[in-house]
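Subject: Structure for you to look at

Hello,

Here is the structure I promised to pass on. Please open it first, then read my notes below.

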Amino acid sequence: MYNLDETDVKILHLLQQDATLKTRELSEKLNLSYTPVYERVRRLEKEGVIRKYVALIDREKVGKKLMAFCNIALKEHSKTMGEKFVKAVLAMSEVTECFNISGDYDFLLKVVVEDMSQYQQFLMQKLGSLDNIGSTHSLFVMGEIKNSSALEMSVQKK
């Protein structure tokens with residue numbers, strides 16, 4: 001775990017709210033000079049605390065109106081078959097998130113597509129073409145209540 005001090009936490013909070021903030025704007029909001037803020041942000045990036053910067057797109061405004069969660073159970077649990085499945089999923093643009101989970105299923109996929117017809121094509125043509133899938137179970141999102149990528153952080157005690 002990376003040790004965060006109060007200034008690091010404030011920087012991360014501000015960048016989670018608006019990743020387009022320039023170093024000068026961050027330094028003004030933090031009431032610190034430019035150079036220390038610049039060095040802290042670069043250190044947080046270098047250490048992997050900040051992995052990347054992205055633009056969050058309103059999926060409905062770009063025609064992606066259907067979001068589904070698809071549970072996947074594999075037939076075989078060998079390392080080779082698992083790696084083959086992961087490689088295939090990484091190449092599927094419809095899958096925006098993939099988690100290896102415990103329980104009755106092995107993987108949980110978050111799938112975003114235009115409509116039910118496109119989801120059916122995805123399920124039949126892409127997932128259906130994979131050898132090692134034992135079963136799938138789809139859940140369709142009717143309404144999005146909360147969607148946030150922001151993490152709550154606190155100062156780390158040393």
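**Cysteines**

The count of disulfides comes to 0. A disulfide here is a pair of cysteine sulfur atoms within 2.5 Å. Cysteine 70 is in no disulfide; its nearest cysteine sulfur belongs to cysteine 98 and is 10 Å away. That is too far for a bond. Are these two cysteines buried or exposed? Cysteine 70 is buried, at 0% relative accessibility. Cysteine 98 is partly exposed, with a relative accessible area of 35%. The cut-offs are these: buried is under 20% relative accessible area, exposed is over 50%, and partly exposed is in between (1.4 Å probe, protein chains only).

**How to read the numbers**

This is a predicted model, in which local features need pLDDT of at least 70, side-chain atom pairs count only at pLDDT 80 or more, and totals for chains, interfaces and linings use all residues. Residues are numbered from 1 along each chain as its sequence is written, and side-chain values use heavy atoms, with hydrogens and water left out.

**Salt bridges**

How many salt bridges does a search of the whole structure find? It finds 11. A salt bridge means a side-chain nitrogen of Lys or Arg within 4 Å of a carboxyl oxygen of Asp or Glu.

Start with arginine 40 and aspartate 8. They form a salt bridge, and their closest N and O atoms are 2.8 Å apart. Arginine 40 lies in helix α3 (residues 34-46) and aspartate 8 in helix α1 (residues 6-17), so the pair ties together parts 32 residues apart in sequence. Helices (H or I, at least four residues) and strands (E, at least two) are DSSP runs, numbered from the N terminus. Aspartate 8 is buried, with a relative accessible area of 2%.

Next, find lysine 110 and glutamate 97. Their side chains meet in a salt bridge at 3.2 Å, N to O. Lysine 110 sits in strand β3 (residues 107-113) and glutamate 97 in strand β2 (residues 95-100), so this pair links parts that are 13 residues apart in sequence. Lysine 110 is buried, at 14% relative accessibility. Glutamate 97 is partly exposed, at 33%. Some bridges also share partners: Asp5, Asp8, Arg40 and Arg43 are joined that way into one network.

Glutamate 60 and arginine 59 make another salt bridge, at 4.0 Å from N to O. Glutamate 60 is partly exposed, with a relative accessible area of 47%. Arginine 59 counts as buried, at 17% relative accessibility.

**The annotated span**

The UniProt record, an unreviewed entry, carries the annotation "domain: HTH asnC-type" for residues 4-65. UniProt positions are given in the numbering used here, feature names are shortened, and annotations may be inferred rather than shown by experiment. In the model, residues 4-65 are 53% helix and 0% strand. The end C-alpha atoms of this span lie 39 Å apart.

**The largest pocket**

The largest pocket has a volume of about 1,800 Å³. Its lining has 40 residues, and the closest to the centre are Val54, Leu56, Ser148, Ser149 and Ala150. Which elements give two or more residues to the lining? They are α1, β2 and β3. The largest share, 5 residues, comes from β2.

The search uses a 1 Å grid over the protein atoms alone. A pocket is an open set of points where a 1.4 Å probe fits, with protein on both sides within 12 Å along at least five of seven lines; lining residues have an atom within 4 Å of a point. Grid points are joined across faces, edges and corners, and the volume is the space filled by probe spheres set on the points.

Tyrosine 2 is in the segment before α1. It is partly exposed, with a relative accessible area of 25%. The C-alpha atoms of tyrosine 2 and leucine 44 are 9.4 Å apart, while the two residues are 42 residues apart along the chain.

Asparagine 31 lies in the loop between α2 (23-30) and α3. It has a positive phi of about 60°, although it is not a glycine. Most residues other than glycine have a negative phi. Asparagine 31 is exposed, at 70% relative accessibility.

Glutamine 17 is in helix α1. It is exposed, with a relative accessible area of 54%. Glutamine 17 and valine 41 are 24 residues apart in sequence and 15 Å apart in space, C-alpha to C-alpha.

Best wishes
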